[in-house]
Amino acid sequence: MKNALIIGATSGIGKELAKLLVADNYKVVITGRREKLLQEIKDSNSNQYIVKVHDVTNLDSCEALFNDVKNELKTIDLIVYSSGVGNPNYKLEWEKELPTLQTNIIAATKIYGLAYNFFRKQGFGHLVGISSIASIRGNRHVPAYFASKAFQANYLESLWLKGKRSKAKIVVTDIQPGFVDTSMAIGNTFWMSTKEKASKQIYSAIKKKKKKAYITKRWRLIAVVLKIVPASLLYKFL
Ligand SMILES: NC(=O)c1ccc[n+]([C@@H]2O[C@H](COP(=O)([O-])OP(=O)(O)OC[C@H]3O[C@@H](n4cnc5c(N)ncnc54)[C@H](OP(=O)(O)O)[C@@H]3O)[C@@H](O)[C@H]2O)c1
């Protein structure tokens with residue numbers, strides 16, 4: 001049996017991915033702040049889920065979480081960072097930007113680092129980050145979220161490069177979803193995927209040890225367009 005740790009698995013993509021891993025005989029540690037939701041997931045298969053109530057923005061507790069999981073499971077094959085927040089901020093209010101920076105940048109960096117170093121010592125492991133198609137360009141309505149996703153994508157590529165040169169067998173995957181039907185998908189959405197379909201494609205990319213995967217696959221087309229469209233046109237849409 002393999003072991004996985006999914007940070008941010010109370011709902012959405014993290015929760016769906018946890019279900020797929022459990023069905024594939026993984027033991028899965030699920031985390032998040034909403035204890036009741038974690039407990040409900042555990043009740044569906046108490047042998048394979050382990051619940052840790054955890055707020056990633058409490059940085060000191062991140063190390064304690066890793067020590068806890070290490071003591072319990074000894075080895076971890078897969079770590080997924082799915083925690084994320086992001087809200088429109090039309091007036092650039094600092095109070096609205098801060099949680100996004102804390103969760104998507106500071107805490108993400110903390111967890112990525114803990115995961116990478118854990119795998120380095122262990123000699124193997126697969127780290128998966130969920131950035132976004134939003135990582136490619138800026139957005140005038142949700143600036144902190146888009147910038148935080150650019151940070152995640154760039155940081156994950158750095159870790160992928162580092163893993164390639166490491167003696168340990170470390171794989172790093174950056175998942176870039178378009179719209180997925182969770183509470184995170186707001187505004188004018190299109191090509192919205194169900195979370196079940198998105199998670200299946202994410203798990204397939206994990207099994208293939210991909211460096212980067214667009215979810216769903218057709219979002220690759222949007223990625224190509226976003227990378228080449230001039231800012232003088234972009235401002236009319238984003
Ligand atoms: N849905 C989309 O359209 C879409 C598109 C591109 C990228 N993404 C990314 O996909 C990831 C998963 O989001 P989702 O769509 O599945 O939305 P979601 O259902 O809202 O899931 C977000 C998860 O993040 C966790 N989280 C938030 N703040 C946290 C904190 N301080 N400590 C620990 N966990 C925290 C939440 O758990 P608690 O609230 O219980 O703590 C929840 O489990 C995010 O990184 C998001 O940016 C989503």
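## Trp191 and its loop

Trp191 is found in the loop that joins β6 (169-177) to α6 (195-207); helices (H or I, at least four residues) and strands (E, at least two) are DSSP runs, numbered from the N terminus. The model is predicted: local features need pLDDT of at least 70, side-chain atom pairs count only at pLDDT 80 or more, and totals for chains, interfaces and linings use all residues. Residue numbers start from 1 along each chain as its sequence is written.

Although Trp191 is not a glycine, its phi is positive, at about 45°. Trp191 is exposed, with 11 other C-beta atoms within 10 Å. A residue counts as exposed if 12 or fewer other C-beta atoms, placed from the backbone, lie within 10 Å of its own, as buried if there are 20 or more, and as partly exposed in between.

## Other backbone features

Leu92, in the loop between β4 (78-81) and α4 (94-122), also has a positive phi, near 50°. Leu92 is exposed, with 9 other C-beta atoms within 10 Å.

The peptide bond from Ile215 to Thr216 is cis, and its omega is near -10°. Thr216 belongs to the loop between β7 (212-215) and α7 (219-228). Most residues other than glycine have a negative phi, and most peptide bonds are trans.

## Surroundings of the ligand

Around the ligand there are 29 residues, of which Gly12, Gly32, Arg33, Gly84 and Thr182 come nearest. A residue is near a molecule or strand if its C-beta atom, placed from the backbone, lies within 6 Å of it. Helix α1 (residues 12-23) contributes the most to this shell, with 3 residues.

By type, the shell holds 10 nonpolar, 16 polar and 3 charged residues. Ala, Val, Leu, Ile, Met, Phe, Trp, Tyr, Cys and Pro count as nonpolar, Asp, Glu, Lys and Arg as charged, and the others, Gly among them, as polar.
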